[in-house]
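Subject: Structure for your files

Dear colleague,

Here is the structure I said I would send. My notes on the salt bridges and on one helix residue follow it.

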Amino acid sequence: MTPRLRAESLQLGYGDSLVVDGLDLDVVGGTITAVIGPNGCGKSTLLRAMGRLLAPRGGQVLLDGKRIDRMPTREVAKLLGVLPQSPQAPEGLTVADLGSC
């Protein structure tokens, strides 16, 4: 099956800390995918990157085969939703954009 969402050689971090290094992940449509691990291992960081809320330091995230960082916000929002524990709007998203979704 072709993945709808894919991470390729993903590197993620904050400040001087590298949290995820070289991760490859495929999320196939119509399936349930679980990300599990101990506190502080990078689960939320990974989800933020996969939802275009955090820019990767290296590698890329693909949505239906397209680089998610090069897709228009409106197109991404039609295909992908992220519901974090602490809601936070993506950078560059205006109040007008939120109202038109």
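A salt bridge here is a side-chain nitrogen of Lys or Arg within 4 Å of a carboxyl oxygen of Asp or Glu. Please keep in mind that the model is predicted.

By that rule there are 5 salt bridges. One of them pairs the side chains of Arg4 and Asp64, with 2.6 Å from N to O. This pair connects distant parts of the chain, 60 residues apart: Arg4 belongs to strand S1 (residues 3-14), while Asp64 sits in the loop between strand S3 (58-63) and strand S4 (66-67). Arg4 is partly exposed at 38% relative accessibility, and Asp64 is partly exposed at 35%.

Arg67 and Asp69 also form a salt bridge through their side chains, at 2.8 Å from N to O. Arg67 has a relative accessibility of 27% and counts as partly exposed; Asp69 is partly exposed as well, at 46%.

Salt bridges with shared partners join Arg6, Glu8 and Asp26 into one network. Within it, the closest N and O atoms of Arg6 and Glu8 are 3.8 Å apart. Arg6 is partly exposed, with a relative accessible area of 28%, and Glu8 is partly exposed with 25%.

The remaining note concerns Thr45, in helix H1 (residues 43-50). Is Thr45 buried or exposed? Thr45 has a relative accessible area of 7%, so the residue is buried, the cut-off being under 20%. Leaving aside residues up to four places away in sequence, Thr45 touches Leu12, Tyr14, Val19 and Leu54.

Regards

Note on methods
Residues are numbered from 1 along each chain as its sequence is written. This is a predicted model: local features need pLDDT of at least 70, side-chain atom pairs count only at pLDDT 80 or more; totals for chains, interfaces and linings use all residues. Side-chain values use heavy atoms; hydrogens and water are left out. Helices (H or I, at least four residues) and strands (E, at least two) are DSSP runs, numbered from the N terminus. Buried means under 20% relative accessible area, exposed over 50%, partly exposed in between (1.4 Å probe, protein chains only). Contact means heavy atoms within 4.5 Å.
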